[in-house]
Amino acid sequence: MQFCSRCLYSANHPLNITFDADGVCSGCRIHEEKDSLDWSGRRRTLAQLLERYRNKSGGGYDCIIPVGGARDSYFIVHTIKQEFGLNPLLVSYNRHYNTRRGHRNLAYLRTLFDADIYTQVVQPQIVKKITRETLRLRGSMYWHVLAGQTVWPVHVAVRYKIPLIIWGHHQGLDQVGMFSHLDEVEMTRKYRKDHDLMGLEAEDLLAQSDELSVPDLQAYYYPHDKEISKVGVRGIYLGNYIRWDTKAQHEKMINLYGYETAPQQRTFDTYNDVDCQHYSGLHDYIKFLKWGYGRIVDHAIRELRFRRLTREQAIELVRRYQQVMPADLPMFLEWLGIDEATLFGWIDRHRDPRVWERQSSGEWRLKHSILEVTPSHDQRKVAPGVIDPCEFLVTRPRIKDEPERRAILVDRGYVDA
Ligand SMILES: [Zn+2]
């Protein structure tokens, strides 16, 4: 198994990765554009693009911004509304695993920015039914979230004739250098299916499941091509036009708007995903069981590429967080009504055989671990040195916080005093 000589990604990355003669991966090479592109020029290109959509919908909204209670939502709304002066309609898919902090971040977001929001809340019983099936078929507890949050904004765009959707950064570009920033890649149904949904669109799920019916999956079907082209819907990624640095962006949002952060179970990144009880817990542990690495690797690599961690420091962080057992496991099992053996039985079927092997004792062993890899190339040649510290802030809650005990299944439309 080949590992990048600079970062920690290996050849089994699910988004596909390539390596050059120096053993440096495609993700690391594309990241170098962040320090070589003319970002003022990129920003002017964005300004021209946005200008074409001002007052286009007739309904008073210039664009749609998909948001949640974390993950760059504040930064995107701030940039589009405060810096470029557009009037966005916020659109949110309720992922059902909300934290109180996530509810507060989202409630303050629309209050602080005087923005309207369209939220979709699918019935809890349907969400459970779908989650059981996607766990069984793909080892995924998060399919409904990934499917819902990538298609609900497109439905709203079609229904209210608001052609422009503005997303944050493109994961395939950021992690594995699937595209250059200059390609200005846009949202596609194909990328959603192949990568976000692991090849499983609502239609495929319906065909492979005896439990689900067409009405169950209503919220997750992609609009027809004809509807999309009639309105001219397109989805752009802000990261192609603005030098994307999620750490710096969140710190700006903490200072300007009091964005709330929180410690996470399986990563040092206290900024992203604080709105979800499972994303950095069980969901991430499942990712590790399937692919042999978790979000800690993604986060450590991101910080390493921004020259805030050495390779050794990044590996130490992986060592510290990789095996952490998620504390939210009992809550999830109770909510879904299954036991631990059933859950992990489903997951085991989806472990990547390139990295995992089952020993005669029945225990799983990681055949290739970044913790045991000796770099293939001289680090002085392939890795630039550290220039900034890698410190993540933990903010105080806006109000006295209660412990999270159960999944909160519905949206809250108000802010506590
Ligand atoms: Zn790399």
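The zinc ion has a tetrahedral site, because its four donor atoms subtend angles of 103 to 115°. Tetrahedral here means four donors with all angles between 85 and 135 degrees. This is a predicted model: local features need pLDDT of at least 70, side-chain atom pairs count only at pLDDT 80 or more, and totals for chains, interfaces and linings use all residues. Residues are numbered from 1 along each chain as its sequence is written, and side-chain values use heavy atoms, with hydrogens and water left out.

**Zinc site**
- The protein donors are Cys-4 (SG), Cys-7 (SG), Cys-25 (SG) and Cys-28 (SG), at 2.3 to 2.4 Å from the zinc ion.
- Donors are N, O and S atoms within 2.8 Å of the metal (3.2 Å for Na, K and Ca); water is not among the atoms, so sites may look incomplete.
- The donor residues follow the spacing C-x2-C-x17-C-x2-C in sequence.
- Cys-4, in the segment before helix H1 (26–31), and Cys-28, in helix H1, link distant parts of the chain, 24 residues apart.
- Helices (H or I, at least four residues) and strands (E, at least two) are DSSP runs, numbered from the N terminus.
- Cys-4 is buried at 1% relative accessibility, and Cys-28 is buried at 1%.
- Buried means under 20% relative accessible area, exposed over 50%, and partly exposed in between (1.4 Å probe, protein chains only).

**Positive phi**
- Most residues other than glycine have a negative phi.
- Asn-16 is not a glycine, yet has a positive phi of about 75°.
- Asn-16 sits in the segment before H1 and is exposed, with a relative accessible area of 55%.
- Lys-161 is not a glycine either, and its phi is positive at about 55°.
- The loop between helix H6 (143–159) and strand E4 (164–167) holds Lys-161, which is exposed at 52% relative accessible area.

**His-377**
- His-377 lies in the loop between strand E7 (364–366) and helix H17 (379–382).
- His-377 is partly exposed, at 28% relative accessibility.
- Beyond its neighbours within four places in sequence, His-377 is in contact with Ser-5, Ala-21, Asp-22, Gly-23 and Val-382.
- Contact means heavy atoms within 4.5 Å.
- His-377 and Thr-79 are 298 residues apart in sequence and 40 Å apart in space, C-alpha to C-alpha.

Conventions. Four donors count as tetrahedral if all angles lie between 85 and 135 degrees; four count as square planar and six as octahedral if opposite donors are over 155 degrees apart and all others between 65 and 115; anything else is irregular.
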